[in-house]
Amino acid sequence: YQMTVPANSASTNGQSEEMDIDQENGNPAKKQKLMSKEDLEKVMNDIEKYSLVVDDKWYLVSLKWWRKVEKVMEDGFIEDITPIDNTNITNRGQTGAYYLSPSLVEKMDFIPVPEKSFETLVDSFGVADEKRDVIERVVIKDKLRGNILEIYPKVVHVVLARDRAKKVTIFLRNDTVGTLRKRALDELGVDASLDRIRFYVEHGDKLEWLRDIKDDDDVSTLFSSEPTITVDVLDEAGKGFIQPRSSFDSSATHLLARISRLSLNFLWWLFPAHSFITFLIHKYIYTSWNKARSLPYLYSYESNEDSWSPPRYTRGVCGLSNLGNTCFMASAVQCLSNAPEITEYFLSDQYQADINESNPLGTEGHLALVYGDLMKSMWSGRQESIVPRTFKSVIGKFAPRFSGYAQQDSQELLAFLLDGLHEDLNRIRKKPYVEERDPPEGMGEKEIAEEAWENYKKRNDSIIVDKVHGQLKSTLVCPVCSKVSIKFDPFCFLSVPVPAREHIFRIKIVVMFNPHKKWAKFSMGVTRSTTVAEVTKLINEALDDKVELVMFTTDPSMKPRPLDGSQSICGEGRNKYDTVYAWQVALPLEGNEIVMAHTMGEHKSKTLPIMFTIPSNSSEELVKEFIHKEVIPFVKQEFMKEMEDEKENEKSGEEEKEGRKDKCEFELGEKEGGRWNVNLSFEDPSLLEDNKGVGLIEREKSVPEPRHDVELIDCINLFTKEEQLAEQDSWYCPQCKEHVRAMKKLDIWKLPQILIVHLKRFQYSRWSREKIDTQVSIPGTDFHLRDILANDSHEDAIYDLQAVSHHSGGLGGGHYTATARNGDTWYYFNDAHVSKTTPPYGSPSTSPYLLVYRRREAPILHSDENLEMETED
């Protein structure tokens with residue numbers, strides 16, 4: 001199979017432009033060389049470790065098809081893998097050409113595969129349709145993000161305002177605003193000085209004037225994948241084709257504004273502020289002025305808007321226009337915007353004195369300044385919605401992962417924003433060196449915590465630390481020497497786990513009895529989290545008497561894989577094991593040892609592995625004696641084929657027929673992990689049969705029906721639950737002088753005034769990401785957290801819900817919104833659209849993702865009524 005892909009195969013826009021993405025021949029390729037599981041595992045490892053090199057070719061493969069490959073690696077057969085099929089990530093245009101579906105996300109919709117690995121997959125499995133399923137992409141070098149795979153090549157459509165028939169399409173790669181402007185003017189044939197050029201971005205039937213962009217701004221931080229830009233050229237009189245709706249020109253509008261301002265200043269001095277005369281004049285002048293400055297396009301927010309202009313909308317109830325998959329950003333900003341203490345700090349200009357331009361960990365103050373401007377605009381009450389393009393651009397410059405327009409995570413955005421604001425506003429200009437030390441013996445927890453917090457504050461002092469940061473207590477206990485290590489660390493979020501919704505599915509468990517009992521087969525309903533110990537308990541409940549069981553599974557060569565009582569009966573993936581086996585043993589596992597016997601044929605075990613328990617610390621001689629007296633006779637009884645002549649011999653009482661070869665030899669392997677491994681070899685292995693329980697007693701049993709929703713406090717309790725560290729996260733015990741899998745427990749020690757709880761709804765595996773859609777019930781008011789704190793001297797901790805970031809849908813097609821409380825009213829923020837709503841609590845839901853709580857205290861109000869964060873009718 002020779003794969004030839006045209007140079008123009010990549011979809012230019014990922015949305016509407018149709019281009020062939022692979023070969024001219026649409027016939028499916030035939031499978032040629034079927035690889036082994038080992039080869040497939042190697043390919044999967046190569047894909048995971050492959051680095052991005054500029055100009056290298058990669059190919060996109062549907063995650064739906066890739067999951068079939070993963071399934072085969074767990075419990076399937078290579079023959080089950082179908083040809084590569086990208087039906088669900090491609091669209092077909094009217095001309096018959098295929099193009100990549102818009103807004104796809106890596107590891108949620110597709111997997112990128114390097115060229116060599118893709119060729120290997122194609123050679124073995126083929127493709128269903130070459131025109132549709134061979135999707136080539138190229139690695140490029142991005143100025144901000146380094147080497148990246150360009151999934152959707154950037155395209156900008158540029159039109160001339162005076163003659164929309166003049167339209168050009170510009171393909172971008174690492175372009176700045178300056179180079180884009182030059183290319184656009186050259187393509188359109190426009191020859192005018194830059195002060196006479198206006199750039200607008202189209203939003204439906206409205207236009208957004210890009211007045212604040214700079215020549216060195218990166219285009220990828222400003223525009224989504226396929227914007228349409230309108231170029232307007234002003235004439236000698238400074239008039240453009242795009243004009244205000246009213247007949248007033250810009251100078252008249254400006255003059256009217258000045259007259260209005262002087263008139264109202266005089267009126268407010270002459271008459272009482274709330275007199276009826278002032279109200280009428282106020283309404284007349286401002287209505288006229290607003291009509292005069294009304295333009296048929298949107299404004300980006302500006303920091304220099306007239307502060308005396310009265311509000312037309314409720315302060316803070318301001319939408320944020322979606323710039324292209326930026327709902328995650330809008331949702332996070334709305335949540336933080338409605339944290340009163342933080343926003344009051346920006347509206348009152350307190351942040352100006354704290355800006356730290358020299359902090360190398362910050363953004364030289366840029367993020368704080370642009371966020372302050374954004375808050376002032378959102379809380380001015382003069383705009384129903386704004387376009388946060390400048391804010392998005394600054395974030396993209398300093399956090400490359402947010403520079404594009406792919407869907408991102410609202411928690412990650414908020415984490416970057418809070419961290420960036422903290423460093424930009426850090427009052428510590430020169431951070432002192434603070435030595436980390438182990439607390440001296442006898443030092444109390446309270447003293448250790450206070451010292452840790454003081455040391456943290458020596459280097460970190462900002463409004464974010466004051467209002468949002470709390471403190472956690474981390475306890476590690478060595479399982480070998482019981483050494484206890486306690487540390488106190490700051491936190492900005494409480495990232496708490498959400499238990500996955502449990503689904504009951506059925507597995508087969510064959511229970512084999514060493515005494516003379518009929519074996520049993522259970523069809524058992526379990527969940528993904530059901531443990532081996534829980535299954536053992538269920539089996540005992542179904543039996544007449546309690547028995548000791550050893551659980552195990554087997555691989556294709558019948559090699560056993562013992563199961564620990566604490567692990568899931570299903571392994572890491574659902575249905576990982578077709579059948580689970582359980583041997584009844586004489587002695588309990590705890591305090592005793594296992595003898596595991598394998599009956600070997602030419603290449604693999606001829607029967608199921610057999611389990612026995614013997615007293616611990618048994619000598620090798622005793623084990624050999626046990627094999628002779630117990631193991632070998634049992635194997636002959638249970639696994640020898642029953643010959644017809646044997647039945648006759650039994651009836652007649654004759655001795656065993658001469659010539660039958662059932663002589664058995666055994667090899668005792670080295671003892672490992674409290675287990676003796678024995679290989680049994682029969683002289684004539686054909687006499688053995690693989691007894692898998694034909695004619696077993698059928699039984700059924702299920703775990704209790706799992707809960708489908710949880711309380712928020714349940715998630716917090718899971719966060720503070722003790723757990724053992726994984727092997728890769730082992731802790732170095734200073735007493736044992738080695739790395740150990742310590743027991744770790746987190747406790748909440750100090751809670752902040754603004755508590756942000758992050759529900760960890762997204763779980764990540766090697767190749768994919770999934771959303772946990774468990775319904776969580778969140779408290780709205782009177783959320784008491786005092787009882788769960790480890791600090792007995794902590795002040796009262798009663799919280800009220802202030803804002804929620806919601807995520808609806810799945811990861812691939814999900815959408816972020818927010819609800820927030822302004823005064824006594826709850827509002828629903830869906831990008832640019834804002835409406836009143838009911839409180840987001842009271843019933844369990846799958847949508848809450850970020851929760852902003854405010855500790856119940858006397859509110860902080862600014863003396864200037866224009867800055868109060870209260871609902872105004």
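**Aromatic pairs in the model**

Okay, let's start with a cluster: Trp 519, Trp 583, Phe 612, Phe 626, Phe 634 and Phe 639 are linked by ring pairs. Rings of Phe, Tyr and Trp (its six-membered ring) pair if their centres lie within 6.5 Å; planes under 30 degrees apart are stacked, over 60 edge-to-face, and the rest tilted.

Quick caveat: this is a predicted model, where local features need pLDDT of at least 70, side-chain atom pairs count only at pLDDT 80 or more, and totals for chains, interfaces and linings use all residues. Residues are numbered from 1 along each chain as its sequence is written, and side-chain values use heavy atoms, with hydrogens and water left out.

Across the whole structure, the search turns up 23 aromatic pairs. Take Phe 346 and Tyr 351: their ring centres are 5.0 Å apart with the planes at 40°, so we call that pair tilted.

Phe 346 sits in helix H9 (residues 340–347) and Tyr 371 in helix H11 (residues 366–378), so the pair ties together parts 25 residues apart in sequence. Helices here are DSSP runs (H or I, at least four residues), numbered from the N terminus. Tyr 371 is buried too, at 0% relative accessible area.

Last bit, charges over rings: NZ of Lys or CZ of Arg within 6 Å of the ring centre and within 35 degrees of the ring normal. Arg 181 has its charged end over the ring of Phe 199, 5.7 Å from the centre, and Lys 750 lies over the face of Trp 453, 5.2 Å from the ring centre.

Technical notes:
Helix = DSSP H or I, 4+ residues; strand = E, 2+ residues; numbered from the N terminus. Buried < 20%, exposed > 50% of the residue type's maximum accessible area, 1.4 Å probe, protein only.
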